Amino acid sequence: MRLEIRHRTHYAYAAPVRESFNELHLQPASNGRQQIESFFLKILPSARLRHYHDFYANCVHHFELADPHSALTIESQLRVTTRPATDALPWDARPAALDRLRETWRVSQCHDFIQASRYVDTAPETWRLAVDAVEDETDLWQRALRLMAFVHRHLVYESRSTQVHTHTREVLAQRRGVCQDFAHVMLSLCRCLRIPARYVSGYLATEAASATHAWLEVYIPDAGWQALDPTHNRPADETYVTLAVGRDYADVAPVRGTYKGTTERLMTVEVQVELRD
Amino acid sequence: MNSVADSHRDGSGFTADPAAGFFDEMFGRGDQVLPHYRKLAEAFAELGAAELEAKRRRLDLAFLRQGVTFNVYGDTRGAERIFPFDLVPRIIPAREWERLENGLTQRITALNLFLHDVYHQQQIVKDGVIPASCILSGKHFRREFANVAVPKDIYIHICGTDLIRDDRGEYLVLEDNARCPSGVSYVLENRRAMKRSFAGMFESVGARSVDHYAQELLKTLQYIAPPGVADPTVVLLTPGVYNSAYFEHAYLARQMGIEIVEGHDLFVREEHVFMRTTKGPQPVHVIYRRIDDDFLDPTVFRPDSLLGVPGLIRAYRAGNVSLANAVGTGIADDKVMYYFVPRMIEYYLDQKPILPNVPTYLASEEADLPYILEHLPELVVKAANESGGYGMLMGPKASKAEIAEFRRRIEADPRNYIAQPVIPLSRHPTHLDGRFVGRHVDLRPFILCREKTVIVPGGLTRVALRAGSLVVNSSQGGGSKDTWVLYGNE
Amino acid sequence: MLSRVAHSLYWMARYIERAENVARILDVNLQLFLEFANRDDDDRHDRWLPIVRATGDLEVFRAHHPRATAASVAEFMVFQQENPNSIVASVCQARENARMVRDQITMETWEELNHLYLFVLSPQARQIWLDSPPDYFNQIKTSSLLLGGLSAATHLRNEGWWFNLAGRFIERADKTSRILDVHGQALPATGLPARLSQADALAWVSVLRSCSAWDAFKSLYGADVHPRHVAEMLMLNENFPRSIRFCVERLDEALRQISGVSDRPFSNEAEKLCGRLAAELRFTSIEEVFNAGLHGQLDQIQLHLNQIGEALFQTYIFHAFETGPETRRVQQEEQQQQQLP
């Protein structure tokens, strides 16, 4: 699919703010499933953009606005071509038995993704849920699919039922949430069973797209990282564009920063994903 | 030749106690004063008990009046104590010091190579010398700092490495303090106090000077100035006046003639750091920071923290300001990494370690864990990322309940614990209640790294003032001594 | 110089000076009140209140003490930590400020201030106070004077020195005006007062003593005390080191040294206000002061001094001390990752 994506975050402050320092996870990288053709990033008021690559190889842009400003716009424009993943496992594949889990723990890039992290814990109660959900399944990929189905069944999707900083614990307690929470809960379940799982921030090409989306990837021996979307109970296909990966939302927040000034502000975010041709 | 020990059987002189089973710095394992202590022992013998007591009182008063104090964590605001100072200096002969110097230089060189590697290629992991999980699970491993180039590739510019001696008098490395080691101000103040009180003795024994520490430190800091800055402005960044080491921060800043700043004295514009002065913003090039990584920059490390200098890391990444120590050195003084330092020395330098480690068991190693859990009453257990004697179990002194508590903690989080046999630390005659008694000591030399490694002769000798105690930390009833490195061996 | 450091040096000096002046005020008034031992409680209450007011803490005082008596006023002004201007609180504040800038003050200054701090907090200080209040006050005064002398003799004449001096003289000018006002309030609102009763004359001598001015006064005006002369000496005298004019002129000099600007009448708000006040004190006669009303005039001076202090803060310090809700650091709002239905 050839996609054109515009992502605009706008802040209107009730009074001028200053000394604003921000970090952005907005630039996706090309890989086997997506080819980035162009990427533009615009800041208003204008600021010098710098970037670096973080520990998980995501591109991070950062900028500062020292002078007082009453509004801030961060806008990115992206052209990307996506393809179905050639290495995606079929729904009914049984590629790796349980006893192969151990070898994934020795893969150093998996280490961070079997630990608890800021929004994801591995409490005994969560472990219980995970164990019950996989029942007697002994294949790792099939286990992951069962966990995804469980999350999809167990949680009710409800806008505004949680906040951007809601922890998995609270989501499980109230059994409702949004994509971010679905992803966090499934990460918790996977990590309880020591299946390496990482958070993915990105875009979903649907007509209703109006914000960023979140899903996750699990690591399966020989097959590598496999993308699963617990919100929709399906593997991620070519309608998904990956922005960044990390342990959880905290590692990949699209826009994060601090400033000096009022807490009275209004944030509006627009995401448009359009098919080209 | 036993005259010194014999002449004061009344209790005011030095006496050996070989039966106690410890190595004594003054007597070794025998009952004769070792050659390098002879002059000192004679000089002390000439002083009467009353004169000693008087000198001691004068010194305590002077320390209090000068405010040579530290704050105790958890104590009420502003509670200051003087760090008890003992009159009897520790003496290290030249030969012994040379070996320590070589050993410490070797160690810091390996640690700096390790830090560069671990934040870039991680070759040591790829070659299977250190498991990735040990590094990635380190609380102070800074993912944010992977692939950042630091000036001159030096990470640890200032290191305080704790050395102990076992019952055979063998020097062992106990731990490396590679974040913000403190205590050097006591080295300098103790020396000043000794020179005033024992001028004659000081001259006759002949100890190497420590006074150049501040100049050496300043050179070390200037060495990492950003490229193109000929006359760098160096500042010392302190968490503030309530920090336990504030006295030292102010002391060092004054000795170096640099500003001591707090977070809100600094700000960042266009990736450059400035300080707020009465004449407006002044650029800052090198920051000797005495605050933890977590509190450097709220935009990077602790979004919930309102401390620190927003944008500082941005300026650091851009190479416009240098930090000493670099960000992320905490992984090097993680106690689990400590276990691997001898291997690092072999890996990076292809040398045998000159100074050995204390034998160490990792609770995270499947082979070690059962041993640790079975032998808790004989072992010292340490949390991987704590310092200052906190988070520690002294097996032989612990109650059943404490042991059970640590067993629970270790089982819950094996990565966070290591265990070591109890090392019978060497003792040193110490003047307490009008008598000289043997008390356990350690030694923290301060190591400076620039184009070469500089170690001011000696370091901080800490002494556990409680009889039988092996814990020398100031927060746990420790005191300190002046440390004299001799020009020769006697 | 770091703004924060300048701020601390300035306040260190102010607090030391404050402790000394509170000691002065209390010392002479305690002695004076011995003369009135036969008066009733209400009268004594009325006489003590102005002294509390002179240090500007009447409300805090009322919150802690129902009546103004020698004991309650002394307790309040010497030991009470809740009173930010008590001697003990001032010394603690001075030392706290010094601690923050230890690298900027000489070892001698620090040791003496630390010594004073350890003294006021020691049980021994209480005992001295109980045995003989004048001895206690002497310790405070001597220590403060010693600190002044020590910094004069050991401090590099750099920016820090001038901030120190500015703090000392702005505080001294303010306190002298308040000391003068204690008994000035008993005078008619405007015009020169009539002859004094003996008790009132004693009160005016106590004012002079508070400022160590009694001997100097006698050499200038003789032993016959008249409020007009007392006010002239403490407000307008050019050469007496505790007069308001003297202090304001030193403050003016310190401000100019700080800015380094001497070729213009003023280069910032603090200099403008201070120069204006200095000129007023210089070109005013004591008759004009009394005709306009002494109390009102002193009020004006205190107001001007406050404004100068505020302007000094705004010019040199403020950006290091941004506080208040508009300058809090807050996190940028973040958007949750979700698909809207």
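The questions and answers below go through the contacts within and between the chains of a predicted model.

User: Which domains does the assignment give for chain C, and how many Å separate their centres?

Analyst: The domain assignment of chain C gives domain 1, residues 1-154, and domain 2, residues 155-320. Taken over C-alpha atoms, the centres of domain 1 of chain C and domain 2 of chain C are separated by 20 Å.

User: What area is buried between domain 1 and domain 2 of chain C?

Analyst: The contact brings together 35 residues of domain 1 of chain C and 36 residues of domain 2 of chain C. Carbon and sulfur atoms give 58% of the area buried between these two domains. The whole buried area is about 3,000 Å².

User: Which residues of domain 1 of chain C lose the most area to domain 2 of chain C?

Analyst: The area buried between the two domains is about 3,000 Å². Three residues of domain 1 of chain C together make up 19% of what that side buries. The residues that lose the most area are C:Y10, C:E17 and C:R24.

User: With which residue does C:R242 form a salt bridge?

Analyst: Between domain 1 and domain 2 of chain C the count is five salt bridges, and there are 11 residue pairs in polar contact. In the salt bridge of C:R242, the closest N and O atoms are 2.9 Å apart, which is within the 4 Å cut-off. The partner of C:R242 is C:E17.

User: Which element gives the most to the side of domain 1 of chain C that touches domain 2 of chain C?

Analyst: There are 11 residue pairs in polar contact between the two domains. On the side of domain 1 of chain C, α1 (3-34), α2 (41-54) and α8 (133-154) each supply at least two residues. The most, 18 residues, comes from α1(C).

User: Which three residues supply more than any other three of the area that chain C buries against chain A?

Analyst: Chain C and chain A bury about 2,800 Å² between them. Of the part that chain C buries, 31% is supplied by three residues. They are C:Q332, C:Q337 and C:Q339.

User: With which residue of chain A does C:E333 form a salt bridge?

Analyst: The count between chain C and chain A is one salt bridge, while 14 residue pairs are in polar contact across this interface. In the salt bridge of C:E333, the closest N and O atoms are 3.9 Å apart, and the partner is A:R265.

User: Which residue in β1(C) is the bridge partner of A:T258?

Analyst: Strand β13 of chain A (residues 255-260) pairs with strand β1 of chain C (residues 329-331). The pairing is antiparallel and runs over three bridges. The bridge partner of A:T258 is C:Q331.

User: What area is buried between chain B and chain A, and which three residues of chain B supply 30% of that chain's part?

Analyst: The contact takes 20 residues from chain B and 21 residues from chain A. The area buried between these chains is about 2,000 Å², with 52% given by carbon and sulfur atoms. The three residues of chain B are B:R143, B:T299 and B:R314.

User: Which element of chain B supplies the largest share of the side that touches chain A?

Analyst: Between chain B and chain A the count is five salt bridges, and one of them joins B:E271 to A:R50 with the closest N and O atoms 2.7 Å apart. The elements of chain B that give two or more residues to this side are α6 (132-136), β8 (266-269) and α11 (312-317). The largest share, three residues, comes from α6(B).

User: Which residue in β12(A) stands opposite A:L204?

Analyst: An open sheet of five strands in chain A has the order β11-β10-β9-β8-β12, with antiparallel pairing. Its edge strands are β11 (234-235) and β12 (240-246) of chain A. Strand β8 of chain A (residues 197-204) is joined to β12(A) by six bridges. The residue opposite A:L204 is A:Y240.

Technical notes. Residues numbered from 1 in each chain as written. Chains lettered and ligands numbered in written order. Predicted model: local features only at pLDDT ≥ 70, side-chain atom pairs only at ≥ 80, totals over all residues. Heavy atoms only, no water. Domains from an automatic or database assignment. Contact = heavy atoms within 4.5 Å. Buried area = accessible area lost by both parts, 1.4 Å probe. Salt bridge = Lys/Arg side-chain N within 4 Å of Asp/Glu carboxyl O. Polar contact = N/O pair within 3.5 Å; in protein donor to acceptor, adjacent residues only side chain to side chain. Helix = DSSP H or I, 4+ residues; strand = E, 2+ residues; numbered from the N terminus. Pairing = 2+ DSSP bridges.
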